[in-house]
Amino acid sequence: QVQHVDLSYQCVDNGEFLDLSSLVGAIGRTSTLTSLELKYNKLSSDRDMAFLAAALMHNTSIKYVGLANNKITNSGMEILCSRIPSMKTLATLVLTNNSFDDQGAEKLAIAMKENLSIGRVECNENLLSYKTIRYYADLNWGGRKIVKQRLDSGKSPIQQSLWPLVLARVNGLAGDQFTSAQERQAEVLYFLLQHGSAIFPL
């Protein structure tokens with residue numbers, strides 16, 4: 001059973017393009033594939049993104065998708081991001097070095113606000129929405145899904161028995177050139193305490 005597929009560097013010559021339409025059916029049907037690497041493939045068309053987004057939305061096993069060093073545009077990002085809120089298992093999305101700008105990044109930030117599974121997003125750090133994208137990814141990493149599920153079901157905030165696991169995950173957040181590790185961790189903890197702890201009234 002295949003768990004990892006690496007289709008990097010499939011477009012060697014200028015006239016060659018990776019046809020994602022042939023992958024859609026396979027991606028949608030598989031229940032074992034966890035990692036899909038598609039970097040350096042000149043993916044750029046809205047058609048490519050529509051095929052990929054549809055496949056990922058229906059897939060229930062893929063946790064990693066690598067799309068670095070392609071040519072994804074703002075319109076392609078809009079298509080991909082329209083499906084991101086419905087992606088339930090994807091945990092890591094890599095989008096560094098593509099052709100979209102702040103407009104495409106803003107679409108990603110909006111989509112990440114509604115997604116509860118993607119805990120790591122890699123994109124160019126000079127984008128205006130970079131910190132917002134990372135913030136929602138950090139919340140997901142820390143356990144935002146647990147909070148929402150319990151509140152939606154009318155249950156009490158996060159169970160005390162789950163807090164050690166939540167805290168261990170939050171402590172794993174590292175700093176970068178924009179924000180220290182302590183600041184990132186504090187932001188996530190504040191959200192979780194505010195929305196998922198009996199310390200604060202809902």
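Me: Are H2 and H3 roughly parallel or roughly antiparallel to each other?
Reply: H2 and H3 are roughly parallel. Angles under 35 degrees get that label, while those over 145 are roughly antiparallel, 65 to 115 roughly perpendicular, and the rest oblique. This is a predicted model, where local features need pLDDT of at least 70, side-chain atom pairs count only at pLDDT 80 or more, and totals for chains, interfaces and linings use all residues. Residues are numbered from 1 along each chain as its sequence is written, and side-chain values use heavy atoms, with hydrogens and water left out.

Me: What's the angle for H2 and H3, and how far apart are their axes?
Reply: The angle is about 15°, and the axes are 8 Å apart. The axes are lines fitted to C-alpha atoms, for helices over the stretch in contact, and angles run from 0 to 180 degrees between N-to-C directions. As for the names, helices (H or I, at least four residues) and strands (E, at least two) are DSSP runs numbered from the N terminus.

Me: Is the crossing of H2 and H3 left-handed or right-handed?
Reply: H2 passes H3 in a right-handed crossing. Right-handed is the label if the near helix is turned clockwise from the far one by less than a right angle, and left-handed if anticlockwise.

Me: Which residues meet there?
Reply: From H2 you have Asp46, Met49, Ala50, Ala53, Ala54 and Met57, and from H3 Ser75, Gly76, Ile79, Leu80 and Arg83. Contact means heavy atoms within 4.5 Å. By class, that contact of H2 with H3 has seven nonpolar, two polar and two charged residues. Here Ala, Val, Leu, Ile, Met, Phe, Trp, Tyr, Cys and Pro count as nonpolar, Asp, Glu, Lys and Arg as charged, and the others, Gly among them, as polar.

Me: OK, now H4 and H5. What's their angle?
Reply: Helix H4 (residues 102-114) and helix H5 (residues 130-142) pack at about 20°, with axes 8 Å apart. That makes H4 roughly parallel to H5. The crossing of these two is left-handed. On the H4 side the contact involves Ala105, Leu108, Ala109, Met112 and Lys113, and on the H5 side Thr132, Ile133, Tyr136, Ala137 and Asn140. Those residues divide into seven nonpolar, two polar and one charged.

Me: And H7 with H8, roughly parallel or roughly antiparallel?
Reply: H7 and H8 pack at an angle of about 155°, with their axes 10 Å apart. They are therefore roughly antiparallel to each other. H7 passes H8 in a right-handed crossing.

Me: Switching topic: how many aromatic pairs are there?
Reply: The count comes to three. Rings of Phe, Tyr and Trp (its six-membered ring) pair if their centres lie within 6.5 Å; planes under 30 degrees apart are stacked, over 60 edge-to-face, and the rest tilted. One of the pairs is tyrosine 9 with tyrosine 40: their ring centres are 4.6 Å apart and the planes are at 10°, so the pair is stacked. Tyrosine 9 lies in the loop between strand E1 (4-6) and helix H1 (21-29) and tyrosine 40 in the loop between strand E2 (35-37) and helix H2 (46-58), so the pair ties together parts that are 31 residues apart in sequence.

Me: Is tyrosine 40 buried or partly exposed?
Reply: Tyrosine 40 is partly exposed, at 35% relative accessibility. Buried means under 20% relative accessible area, exposed over 50%, and partly exposed in between (1.4 Å probe, protein chains only). Tyrosine 40 also has a positive phi of about 55°, although it is not a glycine.

Me: Last one: where is leucine 67?
Reply: Leucine 67 is in the loop between strand E3 (64-66) and H3. Leucine 67 is buried, with a relative accessible area of 0%. Leaving aside neighbours within four places in sequence, leucine 67 has contacts including Glu37, Leu52, Leu80 and Asn98.
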